[in-house]
Amino acid sequence: MTDPALAVDVALRRGAFTLEAAFAAGPGLTALFGRSGSGKTTLIDLIAGLARPDRGRIAAGGHVLVDTASRRFLPPHRRRVGVVFQDARLFPHLSVAQNLAYGRVFARLPHDPAEFAAVIGMLGIEALLARQPAGLSGGERQRVAIGRALLAKPRLLLMDEPLAALDEARKAEILPYIERLRDEAGVPIVYVSHSVAEVARLADTLVVLDGGRVAATGPAETLLRRADLIPLHGEPGALLDMVVEGTDAATGLTRLTGQAGPLLVPDLAKPPGARLRVRIPARDVLVATLPPQGLSARNALPGRVAGLVPAGTGVLVEIDCHGAILLARLTEAAVRDLALAPGREVVAIVKSAAFDPAGFGTGRPTIAI
Amino acid sequence: MSLGLGPEEWQAVLLSLQVATLATLASLPLGLGVAWLLARRRFPGRALLDGLVHLPLILPPVVTGYLLLLAFGRKGVFGAPLAELGIVFAFRWTGAALACAVMGFPLMVRAMRLSLEAVDTRLEDAAGTLGASPLMVFLTVTLPLSLPGCLAGAVLAFAKAMGEFGATITFVSNIPGQTQTLPSAIYTLTQVPGGEGPALRLTLVSVALSITALLVSEALAARAGRRLGAG
């Protein structure tokens, strides 16, 4: 068995706050997800070496970064753990090109023009090289910061809420770059966020933190459906991997296909064949026991009730559509009236307009650890 | 071009420049080190070090000069062993430089410490995660970002050295051509009949040098502010 990209088992006490967390992260993108104050940033500091745990051990790909039992503590500059901070932290006295070269110089790596070109091409920062950080927009700074961390060839890349300081337009600008990073760079990523939209779009694996403890860990699409985690991630929903079939110029609707069945969504401006990950919140799904007629909603997916989970004031209905699980939030009265029970054949109805473009990401087979 | 100065007056001006240059250059590394310690490290005795650095600012200069004489005189605690090595401070121009360095040290450390404290430690953390050792972080991030402020501190110390009188005259006396600096020369000229003219000329030189130093220091500080504000 190979070593996980990251194995953490630490405890730290700071005043009234206690962090006690153990988890492992595989290749791909692992999201540390939780509210502010849940210990996400403290964990990032511990992994990067900017803080010391009271007790515990952290290893990355078999390299021990800290182990209190053997009194081992690797200082940050010898860990080869890259960090992209929320506030890009570019060096103001250096140009963009010098910022990008900074890590490579200290990692004693030879200059590799092909690698450099690949990274700045992936991040779309070719035109910024001669500029000073002060003249960059927030989104540009964050892309340069990602490039700077990546060019130091880290064995692990930490991203601490890299989008939190940006407005919605800038977030939408950067998310595709982070997806490419995840899919092309081949570096395991630990991504801190409190945004369900970001996590649903990016994460392969989810580590849910609550009050300094790991509340749940597992594949993202499983955890985001779980009703017992609602207080932590808000509305649960299904994550579906879909492929673009085509866009109808007349209706302006894009047709997606996937395991669950075909879906019509507002024009995504994506070419046919593009892979997408779609999140459908449970509150946007209706349930019918008969194929609907005279209905404005575009998407009706036949399936079978797989389970009923009480969730607060209502019930989450799990609907198995050809093996993909959709979630619908109904009231208890509706469940009674429709006589919903596991095995019952139903139709899940999703409004096309319910799709939020921010909820789309480039999908790929999810990696479970 | 003699500016109307006689050879002895020129000698005093040049000696003062020589003394101030040595005093500033010699105290630069130590000043930077102490400023960094005070700005970035918490250790036992930190308050004591801080007080010690500031002491020459508070003590009467004559007292500082006398303490230097006790410590670095030919029979002093440090002076005696140093004299055996052939290093003598008392009544030499190097002694004037030592007195000026001690008197200018608080000004230098203060300016450097403020500009080091203004550098965002989060940038230093970021540099560390990119593989830079603490020394390289200091050389490539902390120092460049605080450089104008640190230079301003050095200019202040230089200006202070150009004008230092009390500690210098107590420690190394007032020997023309050896330890008679610009202020000492002015003082001597005001004590003799007919010295008013030369004294006034040297005073103008002194004022011009001081104002130049102040302007350079202000310009450097403004540049430091711009650079840090740009981040």
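**Figure 1. Confidence along chain B, from helix α10 to helix α6.** In this predicted model, helix α10 of chain B (residues 196-229) has the lowest mean pLDDT among the elements of its chain, at 82. At the other end of the scale sits helix α6 of chain B (residues 121-129), with the highest mean, 95. Chain B as a whole averages a pLDDT of 89, and 95% of its residues score at least 70. For the complex, the predictor gives an ipTM of 0.78 and a pTM of 0.77.

Figure 2. Count the elements here and you get 10 helices and 0 strands. The C-alpha atoms of chain B fill a box of roughly 70 × 45 × 30 Å along the principal axes. Of the 231 residues in chain B, 44% count as buried. Take the contacts in chain B with a separation of 6 or more: 77% of them come from residues 24 or more positions apart.

**Figure 3. Helix α6 of chain B and its cover.** Which residues of α6(B) are buried? They are Leu123(B), Asp125(B), Ala126(B), Ala127(B), Gly128(B) and Thr129(B). Their cover comes from both chains: it includes α1 (40-48) and β7 of chain A, together with α7 of chain B. Just after α6(B), look for Gly131(B), which takes a positive phi of about 105°.

**Figure 4. Where chain B touches chain A.** Here 17 residues of chain B are in contact with 19 residues of chain A. On the chain B side, α6 and α7 (134-163) each supply at least two of the touching residues. Which of the chain B elements gives the most? That's α6(B), with 6 residues. Sorted by class, the chain B side has 9 nonpolar, 5 polar and 3 charged residues.

**Figure 5. Helices α3 and α4 of chain A, crossing one another.** Two packed helices are described by the angle between their axes and the distance between the axes. For α3 (residues 113-123) and α4 (residues 138-151) of chain A, the axes come within 10 Å and cross at roughly 155°. Angles over 145 degrees count as roughly antiparallel, so α3(A) is roughly antiparallel to α4(A). The crossing of α3(A) and α4(A) is right-handed. From α3(A), the contact uses Phe116(A), Val119(A), Ile120(A) and Leu123(A), while α4(A) brings Arg143(A), Ile146(A), Gly147(A), Leu150(A) and Leu151(A). By class, that contact between α3(A) and α4(A) works out as 7 nonpolar, 1 polar and 1 charged.

**Figure 6. Positive phi at Arg80 of chain A.** Most residues other than glycine have a negative phi. You'll find Arg80(A) in the loop between β6 (72-73) and β7 (81-84) of chain A. Is Arg80(A) buried or exposed? The cut-off for buried is 20 or more C-beta neighbours within 10 Å, and Arg80(A) counts as buried because it has 21.

**Figure 7. Positive phi at Phe91 of chain B.** Phe91(B) isn't a glycine either, yet its phi is positive, near 60°. Its place is the loop between α4 (79-84) and α5 (93-117) of chain B. With 17 C-beta neighbours inside 10 Å, Phe91(B) counts as partly exposed.

Definitions and conventions
Residues are numbered from 1 along each chain as its sequence is written. Chains are lettered from A and ligands numbered from 1 in the order in which they are written. This is a predicted model: local features need pLDDT of at least 70, side-chain atom pairs count only at pLDDT 80 or more; totals for chains, interfaces and linings use all residues. pLDDT is the predictor's confidence in each residue, from 0 to 100. Helices (H or I, at least four residues) and strands (E, at least two) are DSSP runs, numbered from the N terminus. Axes are lines fitted to C-alpha atoms, for helices over the stretch in contact, and angles run from 0 to 180 degrees between N-to-C directions. Angles under 35 degrees count as roughly parallel, over 145 as roughly antiparallel, 65 to 115 as roughly perpendicular and the rest as oblique. A crossing is left-handed if the near helix is turned anticlockwise from the far one by less than a right angle, and right-handed if clockwise. Two residues are in contact if their C-beta atoms, placed from the backbone, lie within 7 Å. Ala, Val, Leu, Ile, Met, Phe, Trp, Tyr, Cys and Pro count as nonpolar, Asp, Glu, Lys and Arg as charged, and the others, Gly among them, as polar. A residue is buried if 20 or more other C-beta atoms lie within 10 Å of its own, exposed if 12 or fewer, and partly exposed in between; C-beta atoms are placed from the backbone.
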